[in-house]
Protein chains: 2
Amino acid sequence: MSLLVLKFGGTSVGTTDRIQNVADRVLRLRGEGHAVVVVVSAMSGETDRLLGLARAIQTRAEGRELDVLLSTGEQVTIALLSMALEARGCPARSYTGGQVSIVTDSAHNKARIRSIDDHRIRSDLNAGRAVVVAGFQGIDEEGAITTLGRGGSDTTAVALAAALKADECRIYTDVDGVYTTDPRVVKQARRLERITFEEMLEMASLGSKVLQIRSVEFAGKYNVPLRVLSSFEEGPGTLITTEEERVEQALVAGIAFNQNEAQLTIQGVPDQPGVAYAILGPIADANIEVDMIVQNIGADNTTDFTFTVNKNDYEKAMEVLGRVSSTLGARKVAGDTQIAKISVVGVGMRSHAGIASRMFETLARESINIRMISTSEIKISVVVDEKYLELGVRALHDAFELEREPAGQS
Amino acid sequence: MSLLVLKFGGTSVGTTDRIQNVADRVLRLRGEGHAVVVVVSAMSGETDRLLGLARAIQTRAEGRELDVLLSTGEQVTIALLSMALEARGCPARSYTGGQVSIVTDSAHNKARIRSIDDHRIRSDLNAGRAVVVAGFQGIDEEGAITTLGRGGSDTTAVALAAALKADECRIYTDVDGVYTTDPRVVKQARRLERITFEEMLEMASLGSKVLQIRSVEFAGKYNVPLRVLSSFEEGPGTLITTEEERVEQALVAGIAFNQNEAQLTIQGVPDQPGVAYAILGPIADANIEVDMIVQNIGADNTTDFTFTVNKNDYEKAMEVLGRVSSTLGARKVAGDTQIAKISVVGVGMRSHAGIASRMFETLARESINIRMISTSEIKISVVVDEKYLELGVRALHDAFELEREPAGQS
């Protein structure tokens, strides 16, 4: 008998009919001999309804009491799903985050899990019950209710799977798996049977928003096999797993992209120790997150410094950079919001040379000018003019033959 | 500095605007130097919304999971009220029943409070915080969420006031106090300054539904001064207190009445030991609650037996009585749903004779036939034809001069 942790998001439990469907699915899996723990989110729309109430009271709702409020959303779902299971003759028991107990730090609205006490769940599983746990929430050392921040239900599921040493953690979503790239851009995009944790992290953080990043990190760290699949259709989805378990080494897993960034450049700053901090320190102080950073040697002992930020932070970042520029005596400050980042992701890069050159060659053949390059062990990212985004992604998807099933994968 | 426990029901916290009003009231009381603990219900409509969800899943929702579901209603209110207090610069902290912790038995949907741990609330009060507690809910010894049944928030407030040895427990409702009778029937009905716990119990159980009976019992048992007052208007309300603290002994506190009962009679049953049990045993087995019971000596060693039940149970009770009648060889079974019960309530009856005769005289003068009489230490109840209800109540209110302030009361 294998132990599965299933996670259903807000859309999958958005109505009482859908909750009935989830109950049916749990029954099927139990019928196949699996022990099942289910993690659920609030019914879709519920969190927004609660936030609306909070904002009617306090314009900027946050902190301890917001967590008391929001955590009711998942509590409603666990009760309804447990009722649906019991109505089908399946013994079930629901737990809030505090009841499990999932102990977190005290950072309200964005708490991190510290420990999970699995003894209640284990004894329920031993007694043949299905266990339903509220996602997204926990309790701090003082007994105050905390929440993990939006999307935290994925993290709850993975953390529970790790604590229970589950055979698989299944995240049911409204997509049927992880694709080689966005099917809306490249219609030949193919669902991946498997992807490594590291590739998934790069794909997710670069714009293929299927799973919450923190849950993938967690799954990788504790080696929890993670499967993304559709809550509305049958199908195997995509298994996210460690590199060793990959049957065949595809060079490239997929093409990720991101249109939400803007580029800022400060040119002709003195090339001396501390200059990067002098530029990025004030940016960080202004609470602006920086993504790509590139520094190039310029002329006359000066250097050019380029970085990208979220488009929402562009105006603020330009303002900060203007001040920094006069302090440092820089030559020029420039910026552009009409950019896109395209990334080729794959653990195969570690052992195979030539991927970067094939990427650059492909873009050159399409006359796409590369404005910025940044690389990591398993990813190469380029920044191009926004208008070339679709063309670039399609050309790369084609060049790396991602529409084809790699040999050796089923 | 005095300690007040305030309780606001669903109507009083039915919108975010009303929650703001409650916060203003808490601030005023704190401004007057009181320490304040607030118990709140779910926003009006919320419990019904949740029940609707439950019934969409399971026609007959009950048990453990229903409590998990319903308890979210008050949890939303405690969070919103605490936010409203903090937005006004008043430090506040909210607690669910489980967090306090209010420990109950495990009778889901109708649990009874066993103990309250007051150390968190005390330390918050010592730190100058307002404390907001979810009414209606607790936690059992195994840590499962329980609810006290509808109206249980009153009980939570009284139990907290008893545990904290509060100076007063104030129940804010949509009426401004307890009246000598229903003002819709007698427009001269007068708000009582004070009433004893025992009188309140008789008034409440007889149809003046202002407070949950259990909370009054609880307040009487632990001697918690209880005040009923309006959440929408200023005013002193009615103080419910022990007999000793009554400044002046009014003979009669008020006139209660009830139109929800039906009368059943079985005539000519053998007058021998065990006959009452032979009749009422099967009624109890059918889960029918009996209110008044009267037995009279009949002719020829037989007896007549009359009792009242809720109108909803009338058909079922007649059916049971038909079966009992043939077993006992009774002469006749009869019933009537067109009846009303009128009760005169007052602790003064204990020491003053003549109240019963004045009551019967008054009804006789109005040509109202009395069908049934039942008395207790502080109450006399009569059953009359339903059509005489208003006339009887008005005549008695007048006869006992209830429109007048008794001498000695302020």
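**Entry 1, the axis.** I looked up which residue of chain B comes closest to the rotation axis: B:Thr72, at 2.6 Å (C-alpha). The model is predicted; local features need pLDDT of at least 70, side-chain atom pairs count only at pLDDT 80 or more, and totals for chains, interfaces and linings use all residues. Residues are numbered from 1 along each chain as its sequence is written, and chains are lettered from A and ligands numbered from 1 in the order in which they are written.

I then laid chain B on chain A: a turn of 180° with a shift of 0.0 Å along the axis gives an RMSD of 0.2 Å. The two copies are therefore related as by a two-fold rotation axis. The superposition is by least squares on the C-alpha atoms of residues with pLDDT of at least 70 in both copies.

**Entry 2, the interface.** I found 26 residues from chain B and 26 residues from chain A in the contact, where two residues count if their C-beta atoms, placed from the backbone, lie within 7 Å. On the side of chain B that touches chain A, the elements giving two or more residues are H1 (16-31), H2 (46-57) and H3 (64-87) of chain B. Helices here are DSSP runs (H or I, at least four residues), numbered from the N terminus. H3(B) gives the most, with 13 residues. By class I noted 16 nonpolar, 9 polar and 1 charged residues on this side. Ala, Val, Leu, Ile, Met, Phe, Trp, Tyr, Cys and Pro count as nonpolar, Asp, Glu, Lys and Arg as charged, and the others, Gly among them, as polar. Since 100% of the interface residues of chain B are also interface residues in chain A, the copies meet through the same surface.

I read a crossing of roughly 25°, with the axes coming within 9 Å; axes are lines fitted to C-alpha atoms, for helices over the stretch in contact, and angles run from 0 to 180 degrees between N-to-C directions. H3(A) and H2(B) are therefore roughly parallel (under 35 degrees). A:Val76, A:Leu80, A:Met83, A:Ala84 and A:Ala87 meet B:Leu50, B:Leu53, B:Ala54 and B:Ile57.

Within chain A, H2 and H3 pack at about 155°, with their axes 9 Å apart. That makes H2(A) roughly antiparallel to H3(A) (over 145 degrees). The residues of H2(A) in this contact are A:Glu46, A:Thr47, A:Leu50 and A:Ala54. By class, the contact has 6 nonpolar, 3 polar and 1 charged residues.

How values were computed. Parallel < 35°, antiparallel > 145°, perpendicular 65-115°, else oblique.
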